[in-house]
Amino acid sequence: MNEILKPAADWELQSMVKQLAARNLSIELVGNGTKRSVGRPVNASMAMTTTGIRGISLYEPTELVMSARAGTPLSQIEVELAGRGQMLPFEPIDLGPALGSYAGSQTIGAVFACNLSGARRITAGAARDHLLGVVGVNGRGDIFKSGGRVMKNVTGLDIARGLTGSWGTLAAMTEVTFKVLPMPDDTATLVFTGLTEDLAVELMCAAMGSPYEVSGTVHLPQTLAARLLHDDLRMAARSLTAIRLENFPRSVAYRKGRLKERLKVYGPPIELDQESSLRFWGELRRLSVMPYGSQTYLWRISTAPKVAPQLVNTIRRHMDNVETMYDWSGGLVWLEIPASADAGASDIRRALATHGGYATLVRADIGVRESVDVFQPLNPTIERLSRGLKSAFDPSNVFNPGRMYATI
Amino acid sequence: MEFLAPDHGVIARRELILSGLAEAVGADRVISDEDGRRAYETDALTAYKCMPLAVVLPRTTEEVSAVLRYCHANGVKVVARGAGTSLCGGALPAADAVVVGVSKMNRVLDIDFAGRTVRVESGITNLAISAAVSPEGFFYAPDPSSQLACTLAGNLAMNSGGAHCLKYGVTTNNVLGVRMVMMDGEIVDFGGPQLDPEGYDFLALIVGSEGQFGIITEATVRIIKSAEGARPMMLGFDSAAKAGMCVARIIGSGIIPVAIEFMDRPAIKVCEAFAKAGYPLDVEALLIVEVEGSEEEISERLAQIVEIARPLNPSSVTVADGDEQAARIWKGRKAAFGAIGRLSDYLCMDGTIPLSALGQVLDDITSICKSHGLKVANIFHAGDGNLHPLIMYEANDRDAAHRAELAGAEILKLCVKVGGCLTGEHGVGVEKRDLMHVQFTETELVLQLRIKAVFDPLDLLNAGKVFPLDVKVAPDEPAGDAAHAA
Ligand SMILES: Cc1cc2nc3c(=O)[nH]c(=O)nc-3n(C[C@H](O)[C@H](O)[C@H](O)COP(=O)(O)OP(=O)(O)OC[C@H]3O[C@@H](n4cnc5c(N)ncnc54)[C@H](O)[C@@H]3O)c2cc1C
């Protein structure tokens, strides 16, 4: 694949897609290409990047709304927002380092196309929840918009949100409009140490079930804590269960006190102040404890928190050297496993069939991604509907053919 | 309003269809007599009425499936119904259609406090979900003013919102999974207890699809722990523009209250007479701003908001002095539609606008209504720009009713023109169907119809609504299928 198309405007992208469709050609659609190695290998005639379509087109801080061209680097957006004391509430995770590329280089279009969210997702909602509108080009070469710039909008089908998590297989987004929020004035973290996974999940759920608006709950077993860059926490040399509070300073202080009282049976926590908290959560956002490695593969499992530890135990019975990080109080499990021919897919998915949830293979060699289901296999009805949806947007299969599912 | 011509062949087969339905789910589930059906002939958009062919009230997902399978096999249209509180004619029956109501399916199936989710049958009322989890201090966040009556099914179909959505989001942000019966009777689960969808985000498309995709019978929704306390305050201003500016400044300062509600002078007067909430009567615009937290947190936040408002010279500032006054302040707001309804018939509009356009749009709304010889009251969710102008008219006066519709359409076009949309939370239904051309191109409407066809290829579900009747999907080019086969 040597030709990379780089349209600089919607109309140009549109005319390229029309020509490709007419000639029965397909494209691998990418932003900056940081997540190119996620998914089944795409067998496309050529590649297309959205990075020529960039720039912030609208920013109204008092309306909490921003529109940006799809190829705008996320880093540019976050700088702009920070300048007005605002942020993306869903704290998009940066998979760059885990996938062997750089941190900070993904595009905003890809953040929504892959529905990437971080720790704050558990209270603030996911990327999908913040998307207000989209302009895009479908596989027929039609330019369409859906949603808009206002918070409340139920006019017609919610196609914008429907495109999140479709990994560029349905349409090429050229502009996204999304909700932003003020940055909290203060952040603090309570880090409980030495808990088992069962107890950690119990604690995280208890914290989330408090009225103190906990905005992040993560558990790292000792082996992963040892990989942290954050010196104090690494040197604790125990498993870590972190609870984040964000608000104005007096509120954070008050809530911290109440939570400590409520959670005192779990032992005295280490307390991180604002600066230290930002370092810790910033590191987690880049998944620093699960860096790229050719000897390991990476899974992402979404499940109900209460079953997460059992699920992981079942998987461990079939595999050695499994490392797990629990986010979203256990509802999101990152699993690092030793490289193997099927990436443990059959064992993992068998465990999921018993406990519930689904798994995505985020990092593995290309040969493995060719032969195992990278995204959770679909039941026949959902598969039929997925094919239907694909063909409603992209009947001649122009965009990312086979990236999510072999038949779609 | 043009309605889809009923299929007289179906109507002629009514007796046969009634016995087919009775066979499918039992005669006790089927309402066929005229008096019984009359209760279903309209929804809260009472301007339109139509007697349905029959009404079926199933008790289980399997029964819903049996009804739909029968209707699918016999080419009979179906209109899904919750409590019938739709304000856009979303649940309006058709003469050749069977109404399938989920109101008898209202059980709580499972509560997971640790994971903070609840699984319920879809006919449960919005408020009953919160009631089921409130003993443990939790609640279900989206709170439409109709929450005592409306069902979760209707909320899901309409993607309903409410006063507290500024902080907690609307229905789509609070649902994790649904069980839906497809028109051919197949039962399908979308999503589940986990936070992320697997594969395509079908849930995003289903929520807000206004009964066009299938009949939702169960759902898993998120619940949230209630804050330690909450308190509203009222800020009165001598102009709507100032109130709008105050909203922008509060949000711009980094404070996101749980709710910011707006009422104009006519609305304040009516609501005060109804609720005795202590609303100031000598102001042009009133903001109700609510914050949450501990006593201390609330006091600090409210003090900050007062400081932000001060340069705008509010003519009155009142902080609720206790739970009782707080309840009365909200009672007035939540009863607003009902209170105005006791004085006059009204059309409730639901457009959304960017906040920066608020002052201008409110002026324009007043002049639009004046030009049609009508009065208007404004009550709305100011934090998110979702307007609810209530255009008052006399229903017996055909001409006034017509003028109210014209004024309503002009208002909605204005909302789109300033960068907003036709409907923020009430849905399109029949009411705004033909205005969809104002917001969408033909291509965009066709794309939506293609998605609808993935779920309901025969167009038997809630036909003749949401999508303008003149928009048609052209048959697909063969190239598409060839590429798939390759
Ligand atoms: C006084 C008053 C105040 C209101 N306040 C608000 C408000 O604050 N915010 C707001 O958003 N709305 C509000 N509404 C509008 C209305 O209450 C909502 O749209 C509500 O969600 C409708 O619920 P319902 O159960 O009455 O549904 P119905 O009116 O019965 O149906 C609504 C739509 O849902 C579809 N539907 C019903 N059941 C199913 C099912 N099982 N599967 C698939 N589709 C189904 C119907 O076909 C129809 O299109 C208000 C209405 C009134 C009368």
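1. A:S371 is exposed, because its relative accessibility is 56% and the cut-off for exposed is over 50%. The model is a predicted one. A:S371 belongs to helix 14 of chain A. From A:S371 to A:I315 the C-alpha to C-alpha distance is 20 Å, and the two residues are 56 residues apart in sequence.

2. Aromatic pairs come next. Over all chains, the structure holds 17 of them. One of these is formed by A:F375 and A:Y405, with 6.2 Å centre to centre and 55 degrees between the planes, a tilted arrangement. The pair links distant parts of the chain, 30 residues apart: A:F375 sits in the loop between helix 14 (366-371) and helix 15 (380-393) of chain A, while A:Y405 sits in the segment after helix 15 of chain A. Both A:F375 and A:Y405 are buried.

3. In chain B, one aromatic cluster is formed by B:F190, B:Y200, B:F202, B:F213 and B:F455.

4. B:M245 lies in helix 9 (residues 240-252) of chain B. B:M245 has a relative accessibility of 37% and therefore counts as partly exposed, since that class lies between the cut-offs of 20% and 50%. B:L355 is 110 residues away from B:M245 in sequence, yet the C-alpha to C-alpha distance between B:M245 and B:L355 is 8.6 Å.

5. Within chain A, helix 7 (residues 197-208) and helix 12 (residues 308-318) cross at roughly 155 degrees, and their axes come within 9 Å. Helix 7 of chain A and helix 12 of chain A are therefore roughly antiparallel, because angles over 145 degrees fall in that class. The crossing of helix 7 of chain A with helix 12 of chain A is right-handed. Helix 7 of chain A contributes A:E197, A:D198 and A:V201 to the contact, and helix 12 of chain A contributes A:P309, A:V312 and A:R316. By class, the residues of this contact are three nonpolar, no polar and three charged.

6. A packing in chain B involves helix 14 (residues 358-371) and helix 15 (residues 398-417), with axes 9 Å apart and an angle of about 160 degrees. Given that angle, helix 14 of chain B is roughly antiparallel to helix 15 of chain B. Helix 14 of chain B and helix 15 of chain B have a right-handed crossing. On the side of helix 14 of chain B the residues are B:V361, B:D364, B:I365, B:I368 and B:C369, and they meet B:A407, B:E410, B:I411 and B:L414 of helix 15 of chain B. The contact of helix 14 of chain B with helix 15 of chain B has seven nonpolar residues, no polar ones and two charged ones.

7. From helix 10 of chain A, the contact takes A:R250, A:S251, A:Y254 and A:R255; from helix 11 of chain B, it takes B:E296, B:E297 and B:E300.

Methods
Residues are numbered from 1 along each chain as its sequence is written. Chains are lettered from A and ligands numbered from 1 in the order in which they are written. This is a predicted model: local features need pLDDT of at least 70, side-chain atom pairs count only at pLDDT 80 or more; totals for chains, interfaces and linings use all residues. Side-chain values use heavy atoms; hydrogens and water are left out. Axes are lines fitted to C-alpha atoms, for helices over the stretch in contact, and angles run from 0 to 180 degrees between N-to-C directions. Helices (H or I, at least four residues) and strands (E, at least two) are DSSP runs, numbered from the N terminus. Angles under 35 degrees count as roughly parallel, over 145 as roughly antiparallel, 65 to 115 as roughly perpendicular and the rest as oblique. A crossing is left-handed if the near helix is turned anticlockwise from the far one by less than a right angle, and right-handed if clockwise. Contact means heavy atoms within 4.5 Å. Ala, Val, Leu, Ile, Met, Phe, Trp, Tyr, Cys and Pro count as nonpolar, Asp, Glu, Lys and Arg as charged, and the others, Gly among them, as polar. Rings of Phe, Tyr and Trp (its six-membered ring) pair if their centres lie within 6.5 Å; planes under 30 degrees apart count as stacked, over 60 as edge-to-face and the rest as tilted. Buried means under 20% relative accessible area, exposed over 50%, partly exposed in between (1.4 Å probe, protein chains only).
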